[in-house]
Each structure stands twice: as C-alpha cells, then as structure tokens.
Amino acid sequence: MSIEYRTIQKISGPLIFVEGVSGVGYNELVEIRDPEGNLRRGRVLEINRNIAVVEVFEGTTGLSITSSTVRFLGKPLTIPLSTEMLGRVFNGLGEPIDGGPPPFTEEYRDVNGLPMNPYARDYPTKFIQTGISAIDGMNTLVRGQKLPIFSGSGLPHNLLATQIARQATIVGEEEGFAVIFVAMGIKHDEAEFFKKSFEESGVLKNSALFLNLADDPPVERLVAPRCALTLAEYLAFEQDMHILVILTDMTNYAEALREISAAREEVPSRKGYPGYMYSDFASIYERAGRIKGRKGSITQMPILTMPNDDITHPIPDLTGYITEGQIVLDRDLHRRGIYPPINVLPSLSRLMKDGIGKGKTREDHGPVSNQLYAAYARAQELRMLSTIIGEEGLTDRDRLYLKFGELFERRFINQGVNENRSLETTLDIAWDLLSIFPESELTRIPDYIIRKYYKRK
Amino acid sequence: MRIGKIIRISGPVVQAEGALGFEMHELVMVGNEELIGEVVRIEGDIITVQVYEDTVGLKVGEPVKGSGMPLSVELGPGLIQNIFDGIQRPLTIIREVTGDFVRRGVKTTALPRDKKWHFIPLKKVGDYVKPGEIIGKVQETPLVEHRILVPPNREGKIEYIVEEGDYTIEETIAKLSLNNTKYELKMYHKWPVRKPRPYLERLEPTEPLITGQRIIDTLFPVAKGGAVCIPGGFGTGKTVTSHQLAAWSDAHIIIYIGCGERGNEMTEVLINFPEWKDPRTGRPLMERTILIANTSNMPVAAREACIYTGVTIAEYFRDMGYDVAVMADSTSRWAEALREIAGRLEEMPAEEGYPPYLASRLGEFYERAGRVKTLSGLYGSVTLIGAVSPPGGDFSEPVTVHTKRFVRAFWALDTALASMRHYPAINWLISYSEYVDYVEKWWNEKTHGNWKNLRLKALEILKREDELKEIIRLVGIESLPETEKLVLETARLLREGFLQQNAYDPIDTYSSPEKQYKLLYAILEFHNIALKAISKGIPVSKIISLKSISELARARMNIPNEKAYEIDNILKRIENEINSIMEESS
C-alpha cells in the first residue's frame, strides 16, 4: 500500500503541488481523493526535490489543501486492451460510459506509447479510395498516412470525415477494418452526429468512441487521443486490423495544452502556446503508420478548426509540419454551394506519389493531377486579374483557363454527400476537363500519356 | 567514481546535487537504468543534465554517474549504409533489442565489433606518421574506400603494423612510439561531437556541388565546402529537395540527418536509396550514404545532439580527402530542442522564447562547413545544407534570420509556387547564391565561356516578368507591346521547361550539367530568334503556337541526359519554323 499524502501545498489551474514526497517517479499516475471521497486521477509533470507537480485529469474544482489526499501509484497511466472494445463508448481516460461492463482483459498498456523505430517502419503505398475526387484524384490518401482536415468553424468537416469513414476502401481487398473516433472538447450534438452516422452506415459495431466533450475537463483532452491510439496500436499491430483514427478537434487539444503550460508558468513561444507543442503533437501524429512484417495499419485523420481561418496559426502550422499533407476546406467554395469545399491548391498529400501510378492506380494519375493543379492555379490567378481589368483585357487562352476553373469546381470538386466515385470516373472527368485545352498547354504531361488519353474537343 | 543524486526531473532535464568534479558536456549515466545524458550546466555542486532517453519513472534520489569523457562518436569502418539515432546508436541494433518500438536503456556500440574488414596497410614499420595521416585502407562498400587515419591527437614512429588481412575494429593494427610513449592504433577512434576536427588550412570553395537540379546548379549554385539554407513553410518541398540533393549530389559521401521530422521520411530513404543508382557509377546510392534519424517523437534532447553527431562524421570523411555533403532536415527542430531545454532550465529567453545563444550555436555549426587541406595534405570538403521550417512560412523569424547570417546561399521555398505544384518551389526572385563567382570558372570551362551571361539573362527575363505582371494587373495583357508579350512567353518557357523539375519523373529527376546548359541556351536563343520575327511584324501568339515550342517545354521530361544533343535539334526546328512564318508573311 503506497503512502497517502495530505500535503497539497498549492492548487493552480489544473495543477496541484504536493510537498514532502519521496520515491515519486516522473510521469507516474496519481490518485487524488477529493473532500467528498471521490477519486480523481492525474500524473506527475515535474519533481523538484520533495515537491511533485501533478496535473489532475478531471480538473481541480472542489479540491482543497486541507481535506484532499494524494497517492502515487508507481506506474504510468495504462488502459485495458481488447478487441471487445469495438462497438463501445469510453470517456477520455478509456473508462466505459455506455453502461456496459469494463472490457475483460489481461492486457494493459501505457497510454503514452513508444516511438516506432524508423527502421521498423514499412512505407505506406496502398491507395485508399475515398470516392471523393478532390482527394483520390489530387490528394490521394494511403494506408498508414496521417492526413488532417484543416477546416474552420461552420464548414462541413464532420460531414466530410464521416463520408470518408463510410466510403474508404482498398479496391480489391477485404480485411478487418475499424474506426476509432476521438472527440476532444467538441459539442454534444457533434458527437451525436458522428455516432448517428456511424450507426446508419453500419460502421458503429466496428468502431470505438472516446468522448471528451466541451463540458468535460480540459486536461482529460490530453489523455483521450493517447488512450485511443494505444487501442489503435493494439488492434493494428497485434490483431492485424486496418484502423482509421479520426481525432477532432485538435484545436481544443492545443488549448488544453496551453492552459497547463500557463498554469506551470512556462516560457511561452508563439501566441502563448508552449515551446514543446511541436514535440507533443508529434507524439500523437507519429503514432500512425505500418510496421514491417505486420499486417495492420493506422491511418490518422485529425480534424482541426483554424482559428479565424488562419493557416499560419501555430496549431495548423505545427500540424502541417508533422502530418503527411493536409486537406484544406475553403469558406468561399462552401458559400458557393460546392461540396466538399476542398481547396486543392493549399491541400497536399505527401504520400500520394508512392500510392499511385502504373500498377497501383493508373499511369496518367500523377501527370493529370499535376496538370489540374497548374491549370486551376492559373485559373485562380486570372480570376483575380479579371475582377480588376475585366475579361476583355484577357487573351483567348486566358479565357479558356477561366472556363476551366469554373468547370473544375462544378464538375470535379463538387459531388454528392453519398456519391462514391471510382478512381476511373475521377480521372475520366479530369481528362474531359483538360481536353478543352490545346495539347500545347498540357506541359506537365509526357507525350505518350497525351497520345493515349487526350481527346481534343 | 563521481556520483551525484537527482534532485529535480522535468521532462528531458534532470538536476543532480553532490556532483563535484563533473565536466561541462561530460557524458553521464542517469538513474538506475543508466540513461545516457550530457552535462549542460554546472553551478557549485549541482549539475544539470539533458537526458537523451525518455525519463518516465525516473525518481529523485537516483544516482547520476560520470563517465569521464565528453559525448563522442565512433569513427571507423561500419559507418556507411548505417542508420543511427541522435547519439549514434544503430537503429538496426535497437530494433533487435527492443523490437519495433524504441525503448530506452539500450546499450550498444555504434560500430559492429565482430565484423571483419579487409585492411590493406599503406605504411611500414619505421615510418613516422603525423596526426591525421592515412596508414591503411578498407574497401567499405564498392563506392567507398575507407581510409584509416591516425587520430588527430596521435603521432609517432610505426613500431608494428599488421599485414594485409581481415581484422575487426577492436584488433590492434599498428603500434606507434613517440618519446618512449607507446600507442596502439585500431581501425577506429573516438572524437567529441562538439569539437571541430582539425585541418591544415581552409581553402576557397571553387568547385560546384553538382546536384542535377537545374534551378540550383544553374541559377543558385553551391560550392563544395559551402553552406546553404533552405527555408520553407510546410508543403513547400523542403524534404523532397533535401532527398533530391542527397540522391544526386556529386559528393563522395552523403550524410542525411532527419532531425525532428517524420518517421516515414526516413523509411522512404531507407527504401529508395538501396534501389536508386548513382548516375556516375551506377551503384546503389546507399553505398555512400549514412543516415541519422531522430524523428519528431523520439527524445527531444537527442535532437539537439544529432546535428553534431552528423557533422562530426562528415568531418571524419573529409579528413580522408573526400567531398561530403550533409543535409540537415530540419535545423528548426534542433533550434526548438535548444529552446525547450533552455525553457526547462528557466533561462532568460530572447526572441520568441529562443535562448540568446541561438545565433552563436548556429554560427558554430555552419562554420564546420568548408573546403580544407587535411592534416594528411589531401583536399576534402564538408558542404552543409540546412533546411529551416519557419513558423507560418515567415522568413523573418529568428532561426531563418540568424541562419542567413552564416550561410552564403539561400534557396527560399515559396508556398504560392508549391500550391501551383511548381517544384522545386524555389523562389527565383528572393533566393541568392554568393558562390556564383567562385564556380564561374568551372562552368565556363564546360560551356564555352558564356554560362554567367546566360544565367544573368535568364534572371533578367524572370525579373522583368514579375514587373510586367504588376503592369498587367492595371492595364491588361492586350495593351502590352509585342516584345513585352514575348518576355512573358519566354519567362513561361523558363518556368515550365527549365525551372520546374519533377523529382518523380525518371528522366527529369536528374539533369546533367550539359543538359541544363543546352536547355537554357535553347530557351534564350528562342527568345532572340522570336525577337527578330517580331521586328518583322509577326505576332507573338503565332510564334508560340508552333509545335516545336511545346517540344522545347517538354524536353526536360522527354530527352534523357545522354541525348542532350537533341535539344539542339529542337532549337533548329524552332528556327526553321519561325523562318518559314516570316517567309509566308513577307
């Protein structure tokens, strides 16, 4: 039985400072008994001589210096792991909240995980067809990738995420597939929306939900993704399953991180976020991937709302530096009724090149995507120009680009919420659009591909 | 043995008291598990240690033991084709010990102890060898002859040297004597990572590092022994550019440091490099490559060390008389590791929370680049190419600003270009290279003397395009004179047919200097021919719809290096087609 300390010296935000401790390990799990006798959990953030700084997952409301007690458990936070956890709902600490019994298992694991050895990684190359042209055609997702959705308040990122979860398939393969959904500080009705759409599409029985909602304690938000990813690693690498992890909303996660950092009086870097936010994000995002000699995989799709739609804000910025690309949603496209409102220009999939092409998708996939990018970028540039000088100031060739831009948004990007396009369809639409140009404009496409697919109109 | 007792633990930073006699930057063993750390501050009997492994579970009161030596790397056969973590532990061995995930507390040596290497002595008994001299060689890979050096702090008369044969690196291969002191030499020695290795003298960098990337080699070249900064927001292609440089640069040895970046990127190198062939020798690129990987989720303190580990290994190969190129992706993560540790030490921050010594650390690092005459009288170089990840793509942030002070070439990656999928997204208006004058002679010898003029002409047209775009924004393109419209078209050809380069196209990915020159020459010569046609009243729109022009725009993808002469034929066809338009109209 470990010692029960009654020596809380200071309570500040989500932190408590416990004095006179000995034998306490860095990052170990702590149990706090509040004046009502309820147990809360926390972990050690720092030890300085005989003072331990502890963050309390459930928050410090109601704790007092005189009547709360603290015990150090000598081990880090662990969660139980079992395949029975699919179809269940948990809180941010991995405890069931759906009224069912705790999962029966012997297997417990530290939620912090361990870094994957880069030498043990297997490179993601398997194309996942999402049925969405803007993604499949131009920002292809592959198994084991981490591809976030950069969105803004009021944009249909949730709708898009559920469409992806519903439609994502690997053409010609039937294997164990499951979704792990992590809610961090999102609203109740958003969580309900996900639950409902998983239910309707039949994904729910193959998914585990970890919910930390907007009115749940912020510190728990820091633990929720780690619990979920620990389960994901277990299912992927021990049970050979393919796991899609949806994390929403990373912005709330980052806010919680800032809150703790401020309570510890740390030196802030940009916008008050802690200097280690990059490393902290990495400890979540890098838990995606594949391992040599194991069948399963973890694909991550974090969602974040960019504060003020600002892509240079530290949260999207640091995310973009770690993830393998990003899908950027655009308010202007949304206003014009385009769904999904994916702005392809700032969007990117870094792993696309290795998942496409001859023998994987189609030989023209890469060049077509490049040419679409170039043509659409040119169209956008000319759109700006024509608002100033009018269409009359443009050359015939320029007007062709304007027309392309319009068609591209209406026919290629735009599609139904339930429309599941095959890659063939996506590429055929692309050639249809590109064929309004004379051959000499298609400088990104090698000759032999032009000869095969190009049909001048 | 000196032992301190832990009094404070905060992430990767640990303080211990009762630690008298510890030295600054001494390697220490922390806690009961003997985690590896380095002393970074000493105050009285309290030392501060940055720990290179995860500190979870570490307790106050556990011991910190001194090792009596600074953090060092092992230098000898076995380096090439290896992948190390930030403190030179082979990730292959770590995987054998702890499985697919990296656990702490792995104790291993950097170089294999049991492997035998075929050693050929180059000196004999009675010879006097000076520090840094070559006493023998080992063919480490088909691409690399590993020259065995006398350590820079040893010299003497050879009393004994082994015969040609197979030896492990722990076997004594020679014995030296100097003033009655005797030393045993092995095939490897150790060197502290924070101490630059000595050389005889520094030389001017006069030879370009040919990278096969057109915008770099032709517009913003780097010399062997130079230092370059590649800044760019996320998605602008820093990593692809770094990989391209690592793959195609004409250095003898490539050291690729993945500092705080994605795990999959290291895997990509590990998968591609054994398959990709060196364009000059036809051998797998991996046979000249060393990887250092500290991915973003590996311990942060080791991120600080990995840069030094890499550059020290680079200097060692330089001392054998080789040209070494080091890619560090990304130095911002290294700077952030400095910041994180400084923050935990509660040091007074300067700009954006970075410690005040950020600039001097960057300076020290980039000064380790250079072309030198080695201790053994050979010529060798270390070229440093540092990627920078500025927050929000803002080049006025501290790491970019300070790095610019210590490098002489700046390849600015641009978000706008990247979103058009113009790769490499190096912005030609704000990038620069101070090495142009140094490498001019080399290029002129290969290109009949007009490389520099062509280069200037190309930059001039691109600059003029930028100005014209401003004008078009006001008055529209139709009101421009025909000669200005031609500038726009030539600039477009330059951008699409020369500056853009597809890293994933088998032909386009590497451009020989000859192909680069011919392409540039053809595009600029087209400009001259078209100017003549315009003066005869031919409209630009008629000229640019010629079939041969789109041939020129696609030549980079269609014409392989060994057939570069075909570019001349395209130019001839352009000339003929334009001439025939002129004849028709007159």
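Predicted model: local features only at pLDDT ≥ 70, side-chain atom pairs only at ≥ 80, totals over all residues.
**Contact between the chains**

- Chain A brings 85 residues to the contact, and chain B brings 81 residues.
- On the chain B side, the residues that lose the most area to chain A are F234(B), R262(B) and R421(B), which together account for 12% of what that side buries.

**Domains**

- In chain A, the domain assignment gives domain 1 (4–76), domain 2 (79–352) and domain 3 (365–453), and the centres of domain 1 of chain A and domain 3 of chain A, taken over C-alpha atoms, are separated by 60 Å.
- In chain B, the domain assignment gives domain 1 (3–71), domain 2 (112–190), domain 3 (201–435) and domain 4 (450–585), and a distance of 57 Å lies between the C-alpha centres of domain 2 of chain B and domain 4 of chain B.

**Cavities**

- Five cavities of 30 Å³ or more are found when the whole structure is searched, and the largest cavity holds about 130 Å³ of space.
- The largest cavity is lined by 14 residues, of which S269(A), R270(A), L318(A), R339(B) and P391(B) are the closest to its centre.
- Two or more residues of this lining come from each of α6 (277–285) and α7 (314–322) of chain A and α6 (331–344) of chain B.
- By residue class, the lining of the largest cavity consists of eight nonpolar, two polar and four charged residues.

**Helix α10 of chain B**

- Helix α10 (residues 436–446) of chain B has as its buried residues V436(B), V439(B), W442(B), W443(B) and N444(B).
- In an α-helix there are 3.6 residues a turn, so residues three or four places apart point the same way.
- The buried residues of α10(B) pack against α2 (214–219), β26 (432–433), α11 (451–475) and α13 (513–535), which belong to chain B.
- After α10(B) comes H448(B), a residue with a positive phi, near 55°.

**Cis peptide bonds and positive phi**

- Most peptide bonds are trans, and most residues other than glycine have a negative phi.
- In chain A, the peptide bond from T248(A) to D249(A) is cis, with omega near 5°, and D249(A) belongs to the loop between β17 (242–248) and α5 (250–263) of that chain.
- In chain B, the peptide bond from D329(B) to S330(B) is cis, with omega near 5°, and S330(B) is found in the loop between β22 (323–329) and α6 of chain B.
- E265(A), a residue other than glycine, has a positive phi near 60°; E265(A) is placed in the loop between α5 and α6 of chain A, and E265(A) is exposed, because its relative accessible area of 64% lies above the cut-off of over 50%.
- D309(A), also a residue other than glycine, has a positive phi near 60°; D309(A) lies in the loop between β19 (297–305) and α7 of chain A, and D309(A) is partly exposed, with a relative accessible area of 33%.

Methods
Residues numbered from 1 in each chain as written. Chains lettered and ligands numbered in written order. Heavy atoms only, no water. 1 Å grid on protein atoms, 1.4 Å probe; cavity = no way out; pocket = protein on both sides within 12 Å on 5 of 7 lines; lining within 4 Å. Points joined across faces, edges and corners; volume = space filled by probe spheres on them. Helix = DSSP H or I, 4+ residues; strand = E, 2+ residues; numbered from the N terminus. Nonpolar A, V, L, I, M, F, W, Y, C, P; charged D, E, K, R; others polar. Buried < 20%, exposed > 50% of the residue type's maximum accessible area, 1.4 Å probe, protein only. Contact = heavy atoms within 4.5 Å. Domains from an automatic or database assignment. Buried area = accessible area lost by both parts, 1.4 Å probe.
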